[in-house]
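Visitor: I have a model open and would like to learn how to read it. Where do we start?

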Amino acid sequence: MATTAAPESSSSTAINVGDKAGAGDKGKAPLVPLPAAAPKAKLFGRAKAMGTWRRHVSSVFDFILRVVAIGAILAAIITMVTTDETLPFFTQLFQFHASYDQMPAFTFFVIGNAIAGGYLVLSLCYSMFTIIRPRVVGARLLLLIFDTVMMALTTAAASSAAAIVYLAHNGNTSANWVGICQQFQNFCQRTSGAIVPSFVAVVIFMLLVIMSALSLRCRR
């Protein structure tokens, strides 16, 4: 009976030790997933750096578009202001003169583009600030608001001038308005040429508004 009792006690001791080891292993199990946090942090850092790089590129492109828009508006204003033509006749008493300031639509065209051009010059400072600080939201939001207003103003100025140029070329038979471009060819060519860069500025304003809206959306 003594020889059989000894193996039973040794076997029970082995089972208890195994239970303690198993319990210890279960206690250490939650520590295994901890090293997986490092790749997640690295991916988050890469995504953040990529977002900052995209906003920086968008700000640089925004600055370039504003410089191009300034050139287009200056071309439109200079072409319209210097438009002047006088038809030669036999006597000095009967002469027909055509100038931009004789038509309110062309005057509004010059004023509207001048306001938009002045705004673009001032906005270059804010655009440069967004290049230096691409994560700033206030400057981008301010540019978005004023870009929208200037886009509407430039569109109205270019559209009103385009309507007068169309009447000058084709006239209006219903109102018995005769086109004057057969006589004032140089005047019509220059006014038509002034409208083209103004509409180019309108397209640039549209791009600026879209870019600003997308940039603000990505910051949310």
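Guide: We start with one residue. This is a predicted model. Ser123 has a relative accessibility of 2%, so it counts as buried.

Visitor: What cut-off makes a residue buried?

Guide: Buried means under 20% relative accessible area. Ser123, at 2%, therefore qualifies as buried. Across the chain of 220 residues, 31% are buried.

Visitor: Which residues does Ser123 touch, leaving out those up to four places away in sequence?

Guide: Contact means heavy atoms within 4.5 Å. By that test Ser123 touches Arg66 and Leu143. With Arg66 there is also a polar contact: the two side chains meet at 3.2 Å.

Visitor: In which helix is Ser123 found?

Guide: Ser123 belongs to helix α3. That helix covers residues 104-132, 29 residues in total. From first C-alpha to last, α3 reaches 43 Å, close to the expected 42 Å.

Visitor: Where does α3 bend, and by how much?

Guide: A bend is read as an angle between two fitted axes, one on each side of a residue. In α3 the bend is about 30°, and it falls at Ser123. So the residue that counts as buried at 2% is also where the helix bends.

Visitor: Now rings. How many aromatic pairs are there?

Guide: Ring centres must lie within 6.5 Å to pair. The count here is 2 aromatic pairs. One of them joins Phe106 and Phe187, with ring centres 6.2 Å apart.

Visitor: Why is the pair of Phe106 and Phe187 called tilted?

Guide: Planes under 30 degrees apart count as stacked, over 60 as edge-to-face, and the rest as tilted. The planes of Phe106 and Phe187 stand at 55°, so this pair is tilted. It links distant parts of the chain: Phe106 sits in α3 and Phe187 in α5 (residues 185-219), 81 residues apart.

Visitor: What is the overall pattern of helices and strands along the sequence?

Guide: The chain has 5 helices and 2 strands. Their order is α-α-β-β-α-α-α. Among contacts with a separation of 6 or more, 78% are between residues 24 or more positions apart.

Visitor: Which residues does UniProt list as "transmembrane region"?

Guide: An unreviewed UniProt entry lists residues 63-83, 103-129, 141-168 and 194-216 under that name. Compare two of these with the model. Residues 63-83 are 90% helix, with end C-alpha atoms 31 Å apart. Residues 194-216 are 100% helix, and their end C-alpha atoms lie 34 Å apart. Both spans have 0% strand.

Terms used:
Residues are numbered from 1 along each chain as its sequence is written. This is a predicted model: local features need pLDDT of at least 70, side-chain atom pairs count only at pLDDT 80 or more; totals for chains, interfaces and linings use all residues. Side-chain values use heavy atoms; hydrogens and water are left out. Helices (H or I, at least four residues) and strands (E, at least two) are DSSP runs, numbered from the N terminus. The expected span of a helix is 1.5 Å times one less than its number of residues. The bend at a residue is the angle between axes fitted to the seven residues ending there and the seven starting there. UniProt positions are given in the numbering used here, feature names are shortened, and annotations may be inferred rather than shown by experiment. Rings of Phe, Tyr and Trp (its six-membered ring) pair if their centres lie within 6.5 Å; planes under 30 degrees apart count as stacked, over 60 as edge-to-face and the rest as tilted. Buried means under 20% relative accessible area, exposed over 50%, partly exposed in between (1.4 Å probe, protein chains only). A polar contact is a pair of N or O atoms within 3.5 Å; within protein, one must be able to donate a hydrogen and the other to accept it, and residues adjacent in sequence count only if both atoms are side-chain atoms.
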